[in-house]
Amino acid sequence: MQSAQLKMKASSGAGARLSRPSRARMVARAQKGAVPPACWPQRVVPPEVEHRSEPKRFSVLGSTGSIGTQTLDIMAEFPDKFKLVALAAGSNVKLLAEQIRKFKPEMVAVKDASKIAELKEAIKDVSPQPVILAGDEGAVEVARHPNAESVVTGIVGCAGLLPTVAAIKARKEICLANKETLIAGGPFILPLAQEYGSKILPADSEHSAIFQVMQGLPEGGLRRIILTASGGAFRDWPVEKLREVTVAQATSHPNWSMGKKITVDSATLMNKGLEVIEAHYLFGVDYDNIDIVIHPQSIIHSMIETQDSSVLAQLGWPDMRLPIMYTMSWPERVPVQDATWPRLDFTKANNLTFRAPDRAKYPSMDLAYAAGRAAGTMTGVLSAANEQAVQMFIDEKIHYLDIMKLNEACCEAHKADLVASPDLDTIVHYDAWARRWVADHVNSGSFKSKVLAMA
């Protein structure tokens, strides 16, 4: 009894606001040995947020790619939280058929119309049969499916822009995993999303980290964004050794399991440069207040600095499933099991280090900041040129060090034609122009690799 009275006395500041019946209930609970309420149980969460009583319904664009397959794995693990309504895929009919058999979507789109007969044969025993569409038009219909609340945009490149625009116009929530949506389309997409009231939620690890730690931050409370970068495959190499880089080395990441293109981008740090541009569009932060720091362990996925100089970080094992799932479940948090979602063990992650990126090793940084400040179509040109150059490196048509040379030259060539406020057709036009520019300069022989010439 004495212990209970002490507990009551300690919480008397909060209890002074309680009615007498409420105090009586607290006394009764304390007498029974119940745990007293926390001093500050409130959370800065909008009052309209409520726990859902039924699964959230999704369309998935790019279902057979890395983002798509991980999204469907999450749906399979949490069927009470998420339900698949429609999906769009590329040309992997075998995997697409397995997904249809497992999730029974109402609508399916395949990129190549010639694959429809093969797909129908592969799922002929599935009941009910989904509506099957093809091409860009099919992806658009999947994106704006009337029964979907949210759309996961996992299609790579500008091919993901059209269905994303369709989803926004249908007032869907966007789980954003397609970089071009903002890097190329930001000047057009953001006003469109505001017009239609469509929320854009980031699904990549760095922007998800920022998004998570910003929950509850008051308006005007953000001072700086700090993007963490692993440093990629060559973070410990001297600059001089980069002349020896092979495709196999550049496509082997020390921390993350990713596709070849994004792994090369991690090595050049272009992925982080593009993320700076995304962060600018997502969170409205000036480029002068977005920093990059090398964090080799990839445990801290990014940080923010608040106006009062506090630094808030989101930590976790390198695992893309968490940012994808948070984007899908926001503003809720889904309870997970340790067996499939290992907890962060600080005794195993006890050596977190940081260093400034070497601008000589990573010229992509300055190029990305410059493109971001130029704005308009320049950011899309940089992204498209880089995608083409990386593919030509993977195909062993250029050297690793040529990637940034081509990117910079392409951006320089675009300066005279830069469009400050492009529409969607203009964005798509200059995306294609940049890819052609890089390919033509390599294939025609007008671009000569100094590195290869020295070999």
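The model is predicted, so local features need pLDDT of at least 70 and side-chain atom pairs count only at pLDDT 80 or more, while totals for chains, interfaces and linings use all residues. Residues are numbered from 1 along each chain as its sequence is written, and side-chain values use heavy atoms, with hydrogens and water left out.

**The seven-stranded sheet.** Select strands S1 to S7, which form an open parallel sheet in the order S4-S3-S2-S1-S5-S6-S7. Strands are DSSP runs of E of at least two residues, and helices are runs of H or I of at least four, both numbered from the N terminus; two strands pair if DSSP finds at least two bridges between them. S4 (131-134) and S7 (200-202) are the edge strands, each with a single partner, so one side of each lacks a neighbour in the sheet. Neighbouring strands are turned by 25° against each other on average, direction ignored. Next, select S3 (residues 107-110), which runs parallel to S4 and is joined to S4 by four bridges; valine 108 stands opposite isoleucine 132 in S4. Contact means heavy atoms within 4.5 Å; axes are lines fitted to C-alpha atoms, for helices over the stretch in contact, and angles run from 0 to 180 degrees between N-to-C directions.

**The four-stranded sheet.** Move to the open sheet of mixed pairing, ordered S9-S8-S10-S11. Its twist averages 20° from one strand to the next. S10 (residues 300-306) pairs with S11 in the antiparallel sense over five bridges, and isoleucine 300 stands opposite leucine 315 in S11.

**The H4 and H15 pair.** Select H4 (residues 66-77) and H15 (residues 321-329), whose axes come within 10 Å and cross at roughly 65°. The two helices are therefore roughly perpendicular (65 to 115 degrees). Ile67, Gln70, Thr71, Ile74, Met75 and Glu77 in H4 meet Arg321, Ile324, Met325 and Met328 in H15.

**Helix H16.** Just after H16, alanine 375 takes a positive phi of about 65°.

How values were computed:
Parallel < 35°, antiparallel > 145°, perpendicular 65-115°, else oblique.
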